[in-house]
Amino acid sequence: MAVRFPSVLRASFLSTKKSTSRSLDVPRGFLAVYVGEMEKKRFLVPISYLNQPSFQDLLNKAEEEFGYDHPMGGLTIPCTEDDFIHVTSTFSRA
């Protein structure tokens with residue numbers, strides 16, 4: 001029986017286990033991103049989103065604001081959580 005993940009996952013819903021490395025919490029085929037203006041929330045998105053033009057626009061915003069030095073240690077998307085969910089909800093599930 002296959003288990004299907006929603007297209008965007010809040011990282012806290014994915015695993016209840018504690019681990020020493022955040023990278024261990026990211027399933028194969030997903031990418032962890034931090035989203036939010038003040039409080040950053042961690043989301044897991046399918047790597048297929050990297051091909052979506054609107055997701056690439058978000059990545060370009062991140063590059064303009066942070067360059068390649070992201071303060072959270074991972075990819076930080078500089079938009080509101082609602083905007084991020086709105087943009088990613090338009091992608092078809094693969």
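**View 1. Aromatic pairs in the model.** The count comes to 3 aromatic pairs, where rings of Phe, Tyr and Trp (its six-membered ring) pair if their centres lie within 6.5 Å. This is a predicted model: local features need pLDDT of at least 70, side-chain atom pairs count only at pLDDT 80 or more, and totals for chains, interfaces and linings use all residues. Residues are numbered from 1 along each chain as its sequence is written, and side-chain values use heavy atoms, with hydrogens and water left out.

**View 2. The pair of Phe-43 and Phe-84.** These two rings are tilted, with 5.3 Å from centre to centre and 50° between the planes; planes under 30 degrees apart count as stacked, over 60 as edge-to-face and the rest as tilted. Phe-43 belongs to strand E3 (residues 41–46) and Phe-84 to helix H3 (residues 81–89), so the pair ties together parts 41 residues apart in sequence. Helices (H or I, at least four residues) and strands (E, at least two) are DSSP runs, numbered from the N terminus. Phe-43 is buried, at 3% relative accessible area, and Phe-84 is buried at 0%. Buried means under 20% relative accessible area, exposed over 50%, and partly exposed in between (1.4 Å probe, protein chains only).

**View 3. The pair of Tyr-49 and Phe-91.** This pair is edge-to-face: the centres are 4.6 Å apart and the planes make an angle of 75°. Tyr-49 sits in the loop between E3 and helix H2 (53–66), and Phe-91 in the segment after H3, 42 residues apart. Tyr-49 is buried, with a relative accessible area of 2%, and Phe-91 is buried with 7%.

**View 4. A cluster of rings.** Tyr-49, Phe-55 and Phe-91 are linked into a cluster by ring pairs.
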